[in-house]
Amino acid sequence: MGKIGLGIKAALAAAFMMAAPGSPLVGTAAAESLFARIIRGGQPRVEHGTRNSDKSPIPRETVRYDGPHGKGTIIVNTSERRLYYTLGNGRALKYAVGVGRQGFTWAGTNRVSRKAEWPGWTPPPQMIRREARKGRKLPAHMPGGPNNPLGARALYIGSTLYRIHGTNQPWTVGQAMSSGCIRMANDDVKHLYEQVGVGTKVVVVR
């Protein structure tokens, strides 16, 4: 995508001003087009259904779990593109997630350091510079709301730049196209959000 034209800039400005949680947005289509392209990171667009759907294309389920991690642990398997939340007694909730694209995958153990409903998005400096080299100007901050790339909820992972968060692009769930964050459909991230607290252990494996 080339430089953003004045028309899209105006639409984005309107979206930023009106992006209160749960409120309708002006310029939604233009804003979604910009952020959809940025979030896809050059990956081809995937055909999808209703953009505003909060449901995951891959339903969550309760499964057997006999791994080494105790009750109340979040385990993200990036190669499988699934997130598990252990319930104890040999069971876990299994959710489909979107993960980092090639060059943006990572692994490690940390803790949930913060939780947020309808979080605002502040692009990190390296992302701003990376997109600027492609002729794309990111906003310094985008208020939380239905059009925000972080979706309905966010779980912040330690002091890293990574989060487990919702998305207004549910068709990206189950794919590898983020900049390293773990992406869930809004319905699923709300469900997980209610299960976990600050301090919950997060294990990310490849």
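Trainee: Leaving aside neighbours within four places in sequence, which residues is Thr167 in contact with?

Mentor: In this predicted model, Thr167 is in contact with Pro149, Leu150, Gly151, Thr172, Val173, Arg183, Met184, Ala185 and Asn186. Contact here asks for heavy atoms within 4.5 Å. Thr167 itself lies in the loop between β8 (163-165) and β9 (176-178).

Trainee: Why does Thr167 count as buried?

Mentor: The cut-off for buried is under 20% relative accessible area. Thr167 has 1% relative accessibility, so Thr167 counts as buried.

Trainee: Asn186 is also one of the buried residues of helix α4 (residues 186-195). What puts the buried residues on the same side of α4?

Mentor: Good one! The buried residues are Asn186, Asp188, Val189, Leu192 and Tyr193. They cover an arc of only 155 degrees around the axis, and therefore sit on the same side of α4. Their cover includes β2 (73-77), β3 (82-88), β4 (91-96), β6 (108-117), β7 (153-157) and β8.

Trainee: How do you know that both faces of β3 are covered?

Mentor: Look at each side in turn. Arg82, Tyr84, Thr86 and Gly88 are buried on one side, and Leu83, Tyr85 and Leu87 are buried on the other.

Trainee: What makes β2 and β3 a pair?

Mentor: Pairing needs at least two bridges, and four bridges join the antiparallel β2 and β3. Ile75 has Tyr84 of β3 as its bridge partner. β3 also pairs with β4 in the antiparallel sense, over six bridges, and there Tyr84 stands opposite Lys94.

Terms used. Residues numbered from 1 in each chain as written. Predicted model: local features only at pLDDT ≥ 70, side-chain atom pairs only at ≥ 80, totals over all residues. Heavy atoms only, no water. Helix = DSSP H or I, 4+ residues; strand = E, 2+ residues; numbered from the N terminus. Buried < 20%, exposed > 50% of the residue type's maximum accessible area, 1.4 Å probe, protein only. Arc of directions from axis to C-beta.
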